[in-house]
Amino acid sequence: MMKLYSSPGACSLADHIVLEWIGQPYSVQLVSREERATAEFRRLNPAGAVPVLEQDGWVLTQNVAILSYLADCHPGAGLGGDGSHRSRAEVNRWLAFLNSDMHPAFKPLFGAVNYLGDPAAIDKAHANSAKQLRAMFERCDADLAATGWLAGQRSIADPYLYVMLRWARALKLDLDGLPHLAGFEQTMAADPGVKKSLQAEGLD
């Protein structure tokens, strides 16, 4: 049985949702920031980060790798595209965008620039991140207009976007005037698998 290590509200929530969508047996162990810093956890992931997926003594880290593994191991769930190379490439394109562009853009807002020690410089970095993220969410909104899903159908990219949306809401970023994104958020929030994942992580 697969075991996911997750921290409440972290990007690992995306993997948690996908495990629910797949519908196969799994377990989740919630770990705090302090627990992720322990030697025991760092034997699983030297980076001290979630998600971590463990199965039959094998350990997999990195969000995109885990999401892709889950989709590829369970093709019947239809979360890796429609089976064509182009459809899978579309899913990968959005995963790359979320993981390499959008996710890092949140880091200044989560304190990565506090070392600067200059309130004006920190505020400027925050404003720049907010501007970048607004443009990225606009891009997602435009793509969601066609089907309501990033890659044309429900995929492993969608829970990752949902996590980014939750972060944006928590930070009170400007998401006004993005109706397709708002509709996507409502669809995800109403999904039974999403609800169960949120409840399990104490986020409902």
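## Glu 185 and its surroundings

Leaving aside neighbours within four places in sequence, Glu 185 is in contact with Tyr 162, Leu 165 and Arg 169, where contact means heavy atoms within 4.5 Å. The model is predicted: local features need pLDDT of at least 70, side-chain atom pairs count only at pLDDT 80 or more, and totals for chains, interfaces and linings use all residues. Residues are numbered from 1 along each chain as its sequence is written, and side-chain values use heavy atoms, with hydrogens and water left out.

Glu 185 belongs to helix α8, residues 179–190. Helices (H or I, at least four residues) and strands (E, at least two) are DSSP runs numbered from the N terminus. With a relative accessible area of 17%, Glu 185 is buried; buried means under 20% relative accessible area, exposed over 50% and partly exposed in between, with a 1.4 Å probe and protein chains only.

## The enclosed helix α1

Helix α1 (residues 12–22) is largely enclosed by the rest of the structure, because 11 of its 11 residues are buried. The cover over these buried residues includes β1 (2–6), β2 (26–30), α4 (63–73), α7 (157–170), α8 and α9. Just after α1, Gly 23 takes a positive phi of about 85°.

## Packing of α1 against α9

The axes of α1 and α9 lie 8 Å apart, and the two helices pack at an angle of about 130°. They are therefore oblique to each other: angles under 35 degrees count as roughly parallel, over 145 as roughly antiparallel, 65 to 115 as roughly perpendicular and the rest as oblique. Axes are lines fitted to C-alpha atoms, for helices over the stretch in contact, and angles run from 0 to 180 degrees between N-to-C directions. On the α1 side, the residues making the contact include Leu 13, His 16 and Trp 21; on the α9 side, they include Val 194, Leu 198 and Ala 200.

## Glu 201 after α9

Glu 201 is found in the segment that follows α9 (192–200). Not counting residues up to four places away in sequence, Glu 201 touches Ser 6, Ser 7, Pro 8, Gly 9, Leu 13, His 16 and Leu 30.

## Backbone features in the loops

Most residues other than glycine have a negative phi, and most peptide bonds are trans. Val 50 and Pro 51 are joined by a cis peptide bond, with omega about 5°. Pro 51 is placed in the loop between α3 (39–44) and β3 (52–55).

Lys 172, in the loop between α7 and α8, has a positive phi of about 60° although it is not a glycine. Lys 172 counts as exposed, at 71% relative accessibility.
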